[in-house]
Amino acid sequence: MRIDHLVYGTRDLASGLDDISALVGEVPQPGGRHPSFGTRNHLLGLGGSVYLEVIGPDPDAAPPSDPRPFGLDDLDDDRLVAWAVATDDMNAGRALFAELGISLGDPFEASRRQPDGTELRWRLTPPVGGVIPFLIDWGESPHPTAELRSSTRLAGLRIETPNADEIKTVMRTAGLDVDVRPGFEERLVATVDAPMGRVVIW
């Protein structure tokens, strides 16, 4: 398993894009719409097969019947709300977390079309958000980073949590290179090397 992408949630997609663009010095590229979720995203490559997803309510879509993922409907401010780990064996990944007492939920299929019309399809565990990642398997679908052009690179991901010892064990067992530190509340913090220099996104 490896880091696949970081999720930056915003209540207003245009505003969130402006903030990220100003911070890193690059504009995330249009991703696509998620009709079943009522969301739309833009993507910024972070080097290799890792990217930052800026996601918010789709301004051109009717509100979905269910709450939008990542708690987007209740966000007080724009922030990193989740992260995804790529796996080519969803069952093994879920079993590993289950052995650690963490249920990631049942995987399901999702899809979206890129601006050029290419359809991306993937399987994922429920994207509830927080410091525990959700799993994603792109299967035979092209990976989104194949079309991303960016000079921004992920330098590190940090988890701050009151349960630092427990989360350290989880990350170590999963083989994930993530810095875990004690904190009064749960927070994801990404350090990136960007055209604007080394900056922090949280």
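Reader: Is Thr-145 buried or exposed, and what is its relative accessible area?

Author: This is a predicted model, and the values are computed from it. Buried means under 20% relative accessible area. Thr-145 falls under that cut-off, so it counts as buried, with a relative accessible area of 14%.

Reader: Where is Thr-145 placed, and which residues does Thr-145 touch?

Author: Thr-145 sits in the loop between β8 (134-137) and β9. Leaving out residues up to four places away in sequence, Thr-145 touches Gly-48, Ser-49, Val-50 and Tyr-51.

Reader: How many helices and strands does the chain have?

Author: Both kinds of element are present in the chain. The count is three helices and twelve strands.

Reader: What radius of gyration does the chain have, against that of a compact globule?

Author: The C-alpha trace spans about 40 × 35 × 30 Å along its principal axes. For 202 residues, a compact globule would have a radius of gyration near 17 Å. The chain agrees with that, at 16 Å.

Reader: What percentage of the residues count as buried?

Author: The chain exposes about 9900 Å², and carbon and sulfur atoms supply 47% of that area. Of the 202 residues, the buried part is 49%.

Reader: Of contacts between residues at least 6 apart in sequence, what percentage join residues at least 24 apart?

Author: The count takes in contacts between residues at least 6 apart in sequence. Those that join residues at least 24 apart make up 63%.

Reader: Which residues does Leu-52 touch?

Author: Residues up to four places away in sequence are not counted here. Leu-52 then touches Leu-6, Tyr-8, Ile-20, His-42, Leu-43, Leu-44, Leu-46, Leu-80 and Ile-201.

Reader: Why are the buried residues of α3 on the same side, and how wide is their arc?

Author: The buried residues of α3 are Ala-164, Ile-167, Val-170, Met-171 and Ala-174. Their directions around the axis put them on the same side of α3, because they cover an arc of only 125°.

Reader: What covers the buried residues of α3, and which exposed residues does the face turned away carry?

Author: The cover includes β5 (79-86), α2 (90-99), β9 (153-161) and β10 (179-182). The face of α3 turned away from its buried side carries the exposed residues Asp-165 and Arg-172.

Reader: Which residue just after α3 takes a positive phi?

Author: The phi in question is about 75°. The residue that takes it is Gly-175.

Reader: How many residues of strand β11 are buried?

Author: Strand β11 covers residues 187-194. It is largely enclosed by the rest of the structure, because the buried residues number six of the eight.

Key:
Residues numbered from 1 in each chain as written. Predicted model: local features only at pLDDT ≥ 70, side-chain atom pairs only at ≥ 80, totals over all residues. Heavy atoms only, no water. Contact = heavy atoms within 4.5 Å. Buried < 20%, exposed > 50% of the residue type's maximum accessible area, 1.4 Å probe, protein only. Helix = DSSP H or I, 4+ residues; strand = E, 2+ residues; numbered from the N terminus. Arc of directions from axis to C-beta. Rg over C-alpha atoms; globule rule 2.2 N^0.38 Å. Areas by Shrake-Rupley, 256 points an atom, 1.4 Å probe, with all protein chains shown as cover.
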